[in-house]
Amino acid sequence: CKYCFARFDEIVSQPMLSEEDSLKLIKMLADSGHFNKINFVGGEPMLVPHLSHLIKYAKEFGLRTSVVTNGSRLSPDWVKGVAGYLDMLGISIDSDNPSINKAIGNHIKLEKLPIIVDAIHQSVICLKINTVVYSFNKSEYLTPFINAINPSRWKILQVTKINGQNDKDFDKVSVSASDFKKFCDKNREWVLPGIKVICEADDNIIGSYCMIDYKGCFFDNSSNCYRYSSPILKVNVEEALSQ
């Protein structure tokens, strides 16, 4: 997506953790006692062929598990395969208009969404919808669409600038704080009572997540750019966190 702040252009030539090393890392995180949840995100996490193995392994070590995907590779069979191991499945949906999704770079196939959503509900996996508000969709009214999907959570996020990631495209997609508030106020007014709406403005997003890149390094965005630790597998969780 044009607004994506997980491009990692500065490290993209370096190899991704193997499945074996990813499993070691998950065990280290669980054993450290610092974490009770792991969220597999991207880019696009479903490009990782062994993602379901990582989810199951994390669950076996007592971590709550979630995934956030653009939905382009989701299928009912994949959903059923992680039932009992995946606690929450988030789907990024910024618009119910295919042309807007295509323009921003999200390739979700909205026509396939009903059968996927049905599989999620049947598998007793909590469904979350993530919506990023940016210049293309800031005037949309998505509440009827969200109510029809009936997720347990709807997270609405203001597009956020991260230097070195999406700063070159940011002027084309940015929205003001007032436009973001208008979107949230308009869209959450008539949401079904069982849907929890969470709005995160850009100043809430900066510095609020403990993240690990695809090389196994902690990183943060508290300076509006990414700072990385040493690889966790080479040092340890405590040392990498302290960095």
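**Briefing on a predicted single-chain model**

At 38% relative accessibility, N150 falls in the partly exposed class. This residue belongs to a predicted model, whose chain holds ten helices and nine strands. The radius of gyration of the chain is 18 Å, close to the 18 Å that the globule rule gives for 243 residues, so the chain is as compact as a globular protein of that length.

**Overall dimensions and packing**

- The C-alpha trace of the chain spans about 50 × 40 × 30 Å along its principal axes.
- Buried residues make up 46% of the 243 residues of the chain.
- Among contacts in the chain with a separation of 6 or more, 69% involve residues 24 or more positions apart.

**Surface and charge**

- The chain carries 28 positive and 28 negative side chains.
- The centres of these two sets of charges lie 2 Å apart.

**An open three-stranded sheet**

- Strands of a sheet pair through backbone hydrogen bonds, and the pairing may be parallel or antiparallel.
- In this model, three strands form an open sheet in the order β7-β8-β9, with antiparallel pairing.
- Strands β7 (211-212) and β9 (227-231) are the edge strands, each of which pairs on one side only.
- Two bridges link β7 to strand β8 (residues 217-220) in the antiparallel sense.
- I212 has F218, in β8, as its bridge partner.

**Backbone features in loops**

- Most peptide bonds are trans, and most residues other than glycine have a negative phi.
- G42 and G43 are joined by a cis peptide bond, with omega at about -5°. The loop that contains G43 runs between β1 (37-40) and α2 (51-60).
- V124 is a residue other than glycine with a positive phi, near 55°. Its place is the loop between α5 (113-122) and β4 (126-133). V124 has a relative accessible area of 72% and is exposed, because the cut-off for that class is over 50%.
- N150, the residue that opened this briefing, is not a glycine either, yet its phi is positive at about 60°. N150 sits in the loop between α6 (143-149) and β5 (153-158). Its 38% relative accessibility lies between the cut-offs of 20% and 50%, so N150 counts as partly exposed.

Methods
Residues are numbered from 1 along each chain as its sequence is written. This is a predicted model: local features need pLDDT of at least 70, side-chain atom pairs count only at pLDDT 80 or more; totals for chains, interfaces and linings use all residues. Side-chain values use heavy atoms; hydrogens and water are left out. Two strands pair if DSSP finds at least two bridges between them. Helices (H or I, at least four residues) and strands (E, at least two) are DSSP runs, numbered from the N terminus. The radius of gyration is taken over C-alpha atoms; the globule rule is 2.2 Å times the number of residues to the power 0.38. Buried means under 20% relative accessible area, exposed over 50%, partly exposed in between (1.4 Å probe, protein chains only). Contact means heavy atoms within 4.5 Å. Lys and Arg count as positive and Asp and Glu as negative; His and the chain ends are not counted. The place of a charge is taken as NZ of Lys, CZ of Arg, CG of Asp or CD of Glu.
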